[in-house]
Amino acid sequence: MGFSPFSTLVVLVLSLCLLPICSLAARPEQPKKLRFGRNGEFKILQVADMHFADGKSTSCLDVLPRQVAHCSDLNTSAFIHRMILAEKPNLIVFTGDNIFGFDATDAVKSMNAAFAPAILSNIPWAAVLGNHDQESTLSRAGVMKHIVGLKNTLARVNPSDVEFIDGFGNYNLEVGGVGGSGFENKSVLNLYFLDSGDYSTVPSIDGYGWIKASQQYWFQRTSKQLRRTYLNKPQPQKGPAPGLAYFHIPLPEFANFDSSNFTGIRQEGISSASINSGFFTTMVEAGDVKAVFTGHDHLNDFCGKLNGIQLCYAGGFGYHAYGKAGWSRRARVVVASLEKLEKGGWGGVKSIKTWKRLDDAHLTSIDGEVLWSKRTPVSRRKKRIPNV
């Protein structure tokens, strides 16, 4: 496991120190509309479990002895910076435990510093909460409200058209087709973000939280609306646009895999809720979600396919999060690619691919795989009956 070049770290630290707090706050402007690039691709960088605390004074966990003296939260910031420069994503997604509340003296300052590399990049970003974000000086609602107020974020506290929904940070984002194409005003890729909770609030149930019935109802309704829109004019399609779901705590179904049927590594147990709330079945029934991306279990970074849905961990990103000495911190990248039409131009999503990058000297890329690809319709010719 290697660290970023010292010069990169110094430049980033100076930038963070000199950055006025007011420049982190969102301006009253129209949020950026997500859209596929002219190359027909849309790239997402997933950052899981930063566990950011107090910056330079916060030490690293589970690193090699020679790395201890000069390692802090700033190494996490430098890793994000390197990933942004290397991958140039269209969207950055933080999947919870963005700060480690117990060690963050001030939740606002910790979040400002944690998200600063994304804010400075001017790349749109989104976030959901984990089980540690609210353990500092802000409630769970307060943490999400602060995130929503930061610059360049597309995160939302909750849907505006829902009277009640459990949790904070349930929302969806639509990704339009290439500008100027027939899919310009259609969402060809749908992103769902949900609050998987922190800990059970039911006295008879121990362990972590889960995605509740009210959230599943919102997902079902939203998915149905998006599917209906995609199948209608303009450019009516025969099937739904693919969807991706992001939340923190893995579903119990993640435990269905072993080394024979996943890509990546499993080095610890699946820390899901102790009950199964049925959200996986809800997604299977909806039919549009092709992959789920979580964090929480830092030593797992695998993807496995179950009933048509890829269940993926990102692997631990942050240096103040538990890890394994000698096992590099890592990030997951996902790229959706559009179909090139015969008459020129771009159509709907053709494939979704993923890989991981390690925070070593070369930002090594590993475990590239295709998560989903559009089936090419088989042309059926009528059987020719010979003349008698």
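**Figure 1. The six-stranded sheet.** Six strands form an open sheet in the order S3-S2-S1-S11-S12-S13, and the pairing is mixed. Strand S3 (125-128) and S13 are the edge strands; each has a single partner strand, so one side of each is left without a neighbour in the sheet. On average, neighbouring strands of this sheet are turned by 20° against each other, direction ignored. The model is predicted: local features need pLDDT of at least 70 and side-chain atom pairs pLDDT 80 or more, while totals for chains, interfaces and linings use all residues. Residues are numbered from 1 along each chain as its sequence is written, and side-chain values use heavy atoms, with hydrogens and water left out. Helices (H or I, at least four residues) and strands (E, at least two) are DSSP runs numbered from the N terminus; two strands pair if DSSP finds at least two bridges between them.

**Figure 2. Strands S12 and S13, with helix H2.** Six bridges join S12 and S13, which pair in the antiparallel sense. Ile 352 stands opposite Trp 372 in S13. Helix H2 (residues 73-87) lies across strand S1 (41-47), strand S2 (91-95), strand S11 (330-340) and S12. The helix runs at about 140° to S12. Axes are lines fitted to C-alpha atoms, for helices over the stretch in contact (heavy atoms within 4.5 Å). Angles run from 0 to 180 degrees between N-to-C directions.

**Figure 3. The seven-stranded sheet.** This open sheet has seven strands in the order S4-S5-S6-S8-S10-S9-S7, with mixed pairing. Its edges are strand S4 (171-176) and strand S7 (262-263), each with a single partner strand, so one side of each is left without a neighbour in the sheet. Strand S8 (residues 289-294) and strand S10 (residues 309-313) run parallel and are joined by four bridges. Thr 294 has Tyr 313 as its bridge partner in S10. Helix H6 (residues 279-286) packs on the sheet and touches strand S6 (243-246), S8, strand S9 (303-306) and S10. The direction of H6 makes about 135° with that of S10.

**Figure 4. Met 283 in helix H6.** Met 283 is found in helix H6. The residue counts as buried because its relative accessibility is 0%; buried means under 20% relative accessible area, exposed over 50%, and partly exposed in between (1.4 Å probe, protein chains only). With neighbours within four places in sequence left aside, Met 283 is in contact with Phe 219, Ala 245, Leu 251, Val 289, Val 292 and Ile 309. Gln 216 is 67 residues from Met 283 along the chain, and the C-alpha atoms of the two are separated by 8.8 Å.

**Figure 5. The largest pocket.** The space in this pocket is about 630 Å³. Its lining has 21 residues, of which Gly 239, Pro 240, Trp 372, Lys 374 and Arg 375 lie nearest the centre. Strand S12 (346-358) and strand S13 (365-373) each supply at least two lining residues. The largest share, three residues, comes from S12. By class, the lining has eight nonpolar, six polar and seven charged residues. Ala, Val, Leu, Ile, Met, Phe, Trp, Tyr, Cys and Pro count as nonpolar, Asp, Glu, Lys and Arg as charged, and the others, Gly among them, as polar. On a 1 Å grid over the protein atoms alone, a pocket is an open set of points with protein on both sides within 12 Å along at least five of seven lines, and a cavity is a set where a 1.4 Å probe fits but cannot get out; lining residues have an atom within 4 Å of a point. Grid points are joined across faces, edges and corners, and a volume is the space filled by probe spheres set on the points.

**Figure 6. The second largest pocket.** The volume here is about 470 Å³. Among the 20 lining residues, Arg 156, Tyr 171, Asn 172, Leu 173 and Glu 174 are the closest to the centre. S4 and helix H5 (213-231) each supply at least two residues of the lining, and H5 gives the largest share, five residues. The lining divides into eight nonpolar, six polar and six charged residues.

**Figure 7. The two cavities.** The structure holds two cavities of 30 Å³ or more. The largest cavity contains about 90 Å³ of space. Of its 15 lining residues, Trp 210, Ile 211, Leu 251, Pro 252 and Ser 277 lie nearest the centre. Nine residues of this lining are nonpolar, six are polar and none is charged. The second largest cavity contains about 50 Å³ of space, and its lining includes His 298, Phe 317, Tyr 322, Lys 324, Trp 327 and Arg 329. This second lining has four nonpolar, five polar and two charged residues.
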